[in-house]
Amino acid sequence: MTLTRRRFLTGAAALGATALGATACTSPTTANPGKTTLWYSTNGVSEKVLDQAVRRFPAQHLTPNEVSGELNRRLLAALSGEAYLPDITMLGDGISTYFSATDRFADLNALGARQDEANYLPWKWQAGRSPDGFQLGFPIDTGPAALYYRHDLFAEAGLPAEPDAVAAALSTWDDYFEFALRVKDKLPGRYLITDTKMVFTYSLAQEEQKYLDRQNRYLEDQSQVRRAWDRAVKAFRMGLTAGYAGSATGEGVDRRAAWTNGKEVAFVNASWITGNLKRSAPGTSGRWHVCQAPGGPGNQGGSFLAITRYCPDPQGAYDIVKWLMSPENQAAAYLELGLFPSSPAAYSDPSVLAPEEFFGGQATIGVFGAIAEKVQPVYFSPWDITISDTYTDELTNVEAAGKDPEQAWEDARTAVERLLRRQGVLA
Amino acid sequence: MNRTAKPGTLLTYGAMVVGALITLFPYYQLAVMASNTTADIYSSPPTFWFGGHLFENIGEVFAKIDFFGSLLNTLVVAIATTVLVLFFDSLAAFTFAKYDFPGSNVLFGILLATFVVPTQLAAIPQFDLMAKFGLVGSLNALIIPAAANAFGIFWMRQYARGAISDEVLEAARVDGAGFFRTYLSVGLPVLRPALAFLGIFTFVNAWNDYLWPLVVLIDSNHTTLQVALSQLNGLYLQDYAVVMAGTLVAIVPLVIVFLFGARHFIRNIAAGAVKG
Amino acid sequence: MTAAVSAHRRWKYLPQYLAIAPFFVLFAIFGVYPVGYSLWLSLQRWNGVSEMKFVGLANFRFLLTDTAFWDAIGNTLLIWVMSTIPMLVLSMLVALGLNSSVRHKGFLRVAYFLPNVTSIVAMSLVFGSFFSSEFGVLNWFLGLVGVDPVQWLTDPWAIRIAISLMIIWRWTGYNAIILLAGLQALPQDVYEAAKLDGAGPVQTFFRVTLPLLRPVLLFSVVMSAIGGLQIFTESQILLGDRGGPEGAGMTMVLYFYNTAFADNDFGYGAAIAWGIFVVVVLFSILNWRLVQRPARGGEK
């Protein structure tokens with residue numbers, strides 16, 4: 001490495017000048033000035049539909065940008081730094097976090113959303129509206145939860161394999177646990193329950209309330225949480241949970257391996273997992289069916305699109321959003337990724353009634369549609385994600401570290417109450 | 001093999017080679033995974049031999065993330081940081097080592113005390129500062145705060161104290177050379193080995209920095225290699241072979257840089273510890 | 001007259017002050033200001049987008065009774081000990097090996113050192129696959145020698161071992177090179193004296209080499225402590241923001257990151273930053289005393 005003095009100095013001077021010169025121009029407010037940037041998380045919006053939109057709206061220069069699972073963190077950072085902001089962004093079920101910052105977004109009602117409201121599920125539409133009537137989110141999908149199972153392996157083990165028969169045999173969680181025990185005998189080393197988190201999350205999703213009410217008050221009665229907790233602990237005690245590494249965060253690669261090699265023969269999840277399942281385990285195509293989940297209908301997740309205040313052409317952005325979420329395009333997103341349409345008109349679209357190859361010829365809309373019809377809208381507070389994480393962290397401690405379930409429950413309750421006290425929800 | 005080698009030496013040599021192979025195994029296995037399909041990686045027993053899908057996987061990486069853009073950004077940050085650090089640190093180190101001026105001891109003491117401030121924890125306020133400067137998302141947000149650092153000044157001062165003789169400085173003064181000229185003509189040439197070390201050290205650190213870029217570079221199309229890599233992991237968990245291919249192409253440039261500068265670097269890293 | 005002299009004196013040293021100024025200016029902006037700002041922020045409740053709300057010392061009151069924070073401190077120190085001790089022993093062995101008359105020293109040195117310059121993010125991803133309980137090579141190797149599979153990323157102790165393994169892999173070569181330089185700087189006459197006294201190689205190592213290497217060893221310990229208190233990337237990539245079962249991989253910096261940037265609790269995040277600052281200062285004082293003691297003894 002020869003570093004002559006002159007070369008060093010010239011280089012230093014040039015770079016110093018470049019750095020100073022670059023300092024003079026500051027970061028742009030939106031990510032791609034002159035273009036309409038749309039942020040979405042993996043499998044959150046259909047890329048095929050997005051591609052069509054790019055061509056359909058040349059004036060807006062739509063620029064889709066996939067931001068993986070950390071969209072929320074990036075959006076908050078961009079909002080507080082007021083730089084590189086998206087014009088349109090996806091928001092998850094934690095949309096209520098942004099109700100206290102509606103001045104950063106465009107009110108969709110001012111852009112003509114009132115005329116479109118009637119085409120979407122009323123409860124879902126309402127979930128995107130702040131308490132003072134600001135329409136922040138345009139519905140993408142809802143999350144009706146069903147049982148996904150490998151019909152080939154069920155049949156191989158001499159168990160019922162047709163959706164109606166499976167659903168009839170597994171109407172309650174206890175039925176499901178008993179069934180899982182039988183499968184374990186016949187197919188050793190395979191699992192029907194991903195982890196305690198799966199049981200807790202989807203059991204709670206079947207309840208009429210979660211943690212807080214619409215006024216962000218902590219519910220006096222948290223017995224529904226305890227019910228879901230006890231069910232999760234029971235599944236663990238019966239030795240039915242696989243407990244993959246990282247599954248608590250949903251980012252584990254082991255579970256994907258288990259899908260691929262057939263170790264996970266069934267699981268309960270909202271319909272939006274379909275895209276992930278198809279892409280993670282393409283080799284299992286044709287071997288899956290879905291049917292009603294044990295314990296009844298429930299909804300988990302579902303997203304929105306919002307337009308930020310920084311978007312120079314909100315009306316143009318709204319046109320894109322409206323087109324992306326038209327019934328036909330929602331039907332396409334359902335078939336591609338399992339994003340369950342928030343527009344009822346999409347349920348009768350001929351394309352979704354056709355047999356689906358990945359699901360062994362089953363048209364899954366029949367199953368998810370029936371569940372979606374019976375789902376009760378449940379309020380999702382700004383702290384729900386952290387609260388759920390706190391409970392499922394403690395469940396993971398029981399499952400992976402042998403912690404006493406009662407102790408874990410006490411610790412989770414204490415941690416949740418401390419969090420809410422720090423946030424000023426509890427006195 | 002050396003015929004006259006004693007059995008003890010042979011044993012040591014064997015152990016050293018086995019240790020080196022274990023150390024290098026992760027690189028080998030990374031290349032293996034990057035050249036197989038995801039289904040092959042998931043298989044049990046694990047795959048230990050190369051597959052034929054390397055270029056296909058790398059192609060996916062290039063399609064998914066702006067690899068060359070991230071590479072360029074990382075290069076700009078690493079080079080700019082390195083040059084600025086070398087200049088500012090060597091100048092300050094030369095001054096602290098060879099000049100006694102009012103307050104020099106106190107100021108050097110303050111400099112040492114700044115070691116204690118864990119830089120990662122300033123992340124929230126620094127983010128806010130960058131927002132005020134309008135630099136959130138800009139590469140300058142990485143370069144400017146890192147342009148001079150206490151470690152480099154301290155380390156170089158230790159080196160300069162012994163390496164630059166007072167007689168030469170005095171001779172330069174008699175010749176009528178000013179302070180800055182003396183630094184250029186006397187200080188810098190002597191400090192060259194130390195500069196080479198600090199240069200590689202700074203370059204490697206800037207290249208591998210993760211937490212701060214993760215926080216401040218909010219536009220995923222305008223980021224560094226490390227952040228792009230962690231995004232690829234989030235985006236492509238469904239196709240693990242692609243994540244591995246991305247990991248492979250991300251480490252190759254720096255490994256090459258290191259292999260070229262390795263001799264200088266390894267010799268000097270130790271010099272700092274033993275002298276300091 | 002005196003005033004004129006001191007003014008002259010001050011101007012005389014202007015170049016020197018200018019030469020050291022860049023560091024101090026940068027530190028004032030990016031070091032001192034953040035300290036003040038984070039102190040102010042730690043008194044607020046703020047999610048990053050809504051209005052800030054002043055809450056006084058409430059965040060610090062929560063911090064003192066926050067078991068998750070205390071666990072993170074304990075965990076960080078635990079992982080530091082679990083990684084540093086084996087790492088130093090291995091480094092010593094590698095250094096002794098490199099100091100003996102083995103062949104291919106250049107290659108060996110580069111091979112052992114390479115992990116230190118390879119991106120932690122990249123290698124955490126690779127190690128993540130090694131630790132997989134479905135297809136990981138580590139469990140496969142263990143199976144070859146008859147050991148039952150280990151749940152590397154779900155069992156709390158296995159998680160700590162997994163993180164420690166990554167740290168050991170990364171830093172053994174680095175410290176070996178430093179110890180090697182220390183070995184090479186030792187005076188040869190002491191060894192000849194030991195040989196004359198009839199001391200064997202093991203005895204020579206423990207009686208002569210190790211005591212003489214003490215300052216270099218301490219340097220390694222201090223440097224690894226500075227790095228060890230800031231462990232973040234390995235945990236975050238391997239286990240996600242929440243640190244895995246029982247928070248076994250939850251380190252202080254990860255807890256800070258998770259609170260501030262994942263849960264958007266910036267006020268409390270700032271309070272945690274201050275908590276970490278206190279821990280680091282206490283640890284540094286401890287370290288400093290450790291390093292100072294032999295120096296004083298040596299001057300006697």
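## Where chain A meets chain C

In this predicted model, the contact between chain A and chain C draws on 29 residues from chain A and 24 residues from chain C. On the chain A side, four helices each supply at least two residues: α3 (71-81), α11 (253-260), α17 (384-401) and α18 (405-422). Helix α17(A) gives the most, with seven residues.

What is the make-up by class of the side of chain A that touches chain C? That side has 10 nonpolar, 11 polar and eight charged residues.

## Where chain C meets chain B

Let's turn to the other face of chain C described here. In this contact, 72 residues of chain C meet 73 residues of chain B. Helix α2 of chain C (residues 14-41) provides the largest share of the chain C side, 15 residues. By class, the side of chain C that touches chain B has 54 nonpolar, 15 polar and three charged residues.

Chain B averages a pLDDT of 85, and 91% of its residues score at least 70. Within chain B, confidence is highest in helix α4 (residues 67-98), at a mean of 92, and lowest in helix α13 (residues 240-275), at a mean of 78.

## Two domains in chain A

Where they touch, 15 residues of domain 1 of chain A are in contact with 13 residues of domain 2 of chain A.

Which elements of chain A each supply at least two residues of the domain 1 side? They are strand β5 (141-142) and helix α14 (327-337) of chain A. By class, the side of domain 1 of chain A that touches domain 2 has three nonpolar, nine polar and three charged residues.

## A five-stranded sheet

Chain A holds an open sheet of five strands in the order β2-β1-β3-β9-β4, with mixed pairing. At its edges are β2 (62-66) and β4 (138-139) of chain A, and each of these pairs on one side only.

Further in, strand β1 (residues 36-40) and strand β3 (residues 88-91) of chain A pair in the parallel sense over two bridges.

## A three-stranded sheet around β6

A second open sheet in chain A has three strands, in the order β7-β6-β8, with antiparallel pairing. Why is one side of β7 and of β8 of chain A left without a neighbour in the sheet? Strands β7 (266-270) and β8 (288-292) of chain A stand at the edges, each with a single partner strand, so one side of each has no neighbour in the sheet. Neighbouring strands of this sheet are turned by 30° against each other on average, direction ignored.

Towards β8(A), A:Y149 has A:H289 as its bridge partner, while A:Y148 stands opposite A:V290. Towards β7(A), A:A146 stands opposite A:N269.

Is β6(A) mostly covered or uncovered? Strand β6(A) is mostly covered, with six of its six residues buried. A:A145, A:L147 and A:Y149 point one way from the strand, A:A146, A:Y148 and A:R150 point the other way, and all are buried.

## A closer look at A:L337

One residue of helix α14 of chain A is worth a visit: A:L337 lies in this helix. Why does A:L337 count as buried? A:L337 has 26 other C-beta atoms within 10 Å, and a residue is buried if 20 or more lie within that distance.

Leaving aside its neighbours within four places in sequence, A:L337 is in contact with A:N43, A:S46, A:W272, A:T274 and A:G275. For another reference point, A:A257 is 80 residues from A:L337 along the chain, and the C-alpha atoms of the two are separated by 19 Å.

Note on methods:
Residues numbered from 1 in each chain as written. Chains lettered and ligands numbered in written order. Predicted model: local features only at pLDDT ≥ 70, side-chain atom pairs only at ≥ 80, totals over all residues. Pairing = 2+ DSSP bridges. Contact = placed C-beta atoms within 7 Å. Nonpolar A, V, L, I, M, F, W, Y, C, P; charged D, E, K, R; others polar. Axes fitted to C-alpha atoms, helices over the stretch in contact; angles between N-to-C directions. pLDDT = per-residue confidence, 0-100. Buried ≥ 20, exposed ≤ 12 C-beta atoms within 10 Å, placed from the backbone.
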